[in-house]
Amino acid sequence: IGFLLVMNLNIVKLSDLFDKKRMDSEYFSAELINEEKSIKEGKLFEDYFKVLGDKFDKSKYDKATFNYLEISGIDVYSGNYVTDIHKTDLAPSRATKLAKPGAVVVSSVRPYRSGVAIIQKECVCSSGFILFEPIGDISKEELFLYLKSDLFKRQISRRTRATMYPAVDEIDFKDLVLPNLDYSFSQEIKTKIPSIYSLEEKKLKIEDETKKAVNLFLSNYFKCLDIDSIKNLSISEIDISTLFQDKENRIDSEFYHKFYLSMEEFFLKSGDFFYLKDYFKTIFKGNTPSKNEQTESDFGYSIIKANALSDTGLNFFKREPITEDFFKKSISKLTQHLDILILSDAHSQDHIGKKINIITEDESLLESVITSGELITIRGSKLSKGLILYLYFFLGSRYGYLSIQRQVRGITSHLYPNDVLEIKIPEPDKQLLRTIEQNFKNINELDKEKKQILKKLLDKYDEFI
């Protein structure tokens, strides 16, 4: 049985190949070329925007630390972004571009994936970004929306170079064609895009207020325990004859530090606590892929590794692609909404438990995502959101960090799920749990509102074209 494959062919002059210095067929696609020509009163990109070229030089930078933005730090669904704090003298080699507020940044690698943002505060960007600034009557907000539109994705895909690591250069933006929007729609874009970033600020404020409420509760709970005394107290003397009879089955000296013993005594006296295992029944370590089980191609299967954890929350877009075979054999490590992630293995013990992150993405985005073997997942599937989030905030507090540190084993520093289950946690009052749950509901509503604003604008943008 045979079949006929029909393709739209475009005959290209040899002189055009040399003139454009391109030999990739997509660039000469008649369909895409005709679409660009058909845009009424189209505006040429280079006439309205310029490339920003401020370089970051750590030897001349006058601050001890800086905020660093990587491509994976951008939320492709809303345009919000997160930055990591780096010491200036230890700046990554890819930290090369200084971005001021108002700059529009777009990823030069796979630019059709919507890695676009408007910079809100000064930061240093990865060399994988191209930075733009308006010089004409098109606003930065309109540029942002264009760079997230399907029109841009089609235009830039035509100009993308290479197959394994598709990318574009600054020059590839010059002859892009933007539609000439009417005044009312331009003003609507100019008004509504900033509101996305305002809603993100509100969300961060609520998160901070929730964290403060939990920390206040913990400070009052532990008011008779001097947390700073851990720096001064020493290891306790333990009778070896009773050591091996200890139900904890621990012979590592750090476990018997005087501070931890006083914390233990405090819990037992108050009686107002629960073990993590009392409520959270599902806890496991992920799987680590071999080199052959990782891939450059995006087949839709991905893994969350330790580098996705940050002080400002999980960088969900820092996932790395894996093969379908590895995903299938690791299906038991599939992520779920409100999973709590803890770093369980590190070269330095201090790093374990330092960054506690929680997965807040929709279930629809988690169907093909697993975790790596250096992470422990804590899951409270049937528990109230208030209790799950309370555990998240507790583990992220100083008391939670020390509780995790006590459970670390061995010279090479490992944390095991069974030991995490033994962590004691102050029993929260009902009002605190209600506050946490209500705040989380408000945060979810803000997230939905952000995405709805952007979706409506993009739908209108595509209809306009």
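The model is predicted, so local features need pLDDT of at least 70 and side-chain atom pairs count only at pLDDT 80 or more, while totals for chains, interfaces and linings use all residues. Residues are numbered from 1 along each chain as its sequence is written, and side-chain values use heavy atoms, with hydrogens and water left out.

Let's begin with the charges. A salt bridge here is a side-chain nitrogen of Lys or Arg within 4 Å of a carboxyl oxygen of Asp or Glu, and that rule gives 26 salt bridges. Take E188 and K460, whose closest N and O atoms are 2.7 Å apart. This pair links distant parts of the chain, with E188 in helix α5 (residues 183–221) and K460 in helix α13 (residues 430–464), 272 residues apart. Helices are DSSP runs of H or I with at least four residues, strands are runs of E with at least two, and both are numbered from the N terminus. For reference, buried means under 20%, exposed over 50%, and partly exposed in between, using a 1.4 Å probe and protein chains only.

Next, K285 bridges to D345, with 2.8 Å between the closest N and O atoms. K285 lies in strand β12 (residues 282–285) and D345 in the loop between β15 (340–343) and β16 (356–358), so the pair ties together parts 60 residues apart in sequence. D345 turns up again around S413, which touches S344, D345, A346, S348, Q349, I352 and V408, not counting residues up to four places away in sequence; contact means heavy atoms within 4.5 Å. S413 is found in the loop between α11 (398–406) and α12 (417–420), and at 4% relative accessibility it counts as buried.

For a local example, look at E324 and K328, with closest N and O atoms 3.1 Å apart. Both lie in helix α9 (residues 324–329), four residues apart, about one turn of the helix. There is also a network of salt bridges linking E200, K203, D447 and K450.

Now for the rings. Rings of Phe, Tyr and Trp (its six-membered ring) pair if their centres lie within 6.5 Å; planes under 30 degrees apart are stacked, over 60 edge-to-face, and the rest tilted. The whole structure has 29 aromatic pairs. In one of them, F56 and F66 have ring centres 4.9 Å apart and planes at 50 degrees, so the pair is tilted. F56 is buried at 10%, and F66 is buried at 3%. In another, F152 and F173 have centres 6.1 Å apart and planes at 25 degrees, so this pair is stacked. F152 sits in helix α4 (residues 150–159), and F173 in the loop between α4 and β10 (177–178), 21 residues apart. Both F152 and F173 are buried. One aromatic cluster is formed by F217, Y221, F222, F266, F267, F273, Y275, Y390 and Y399.
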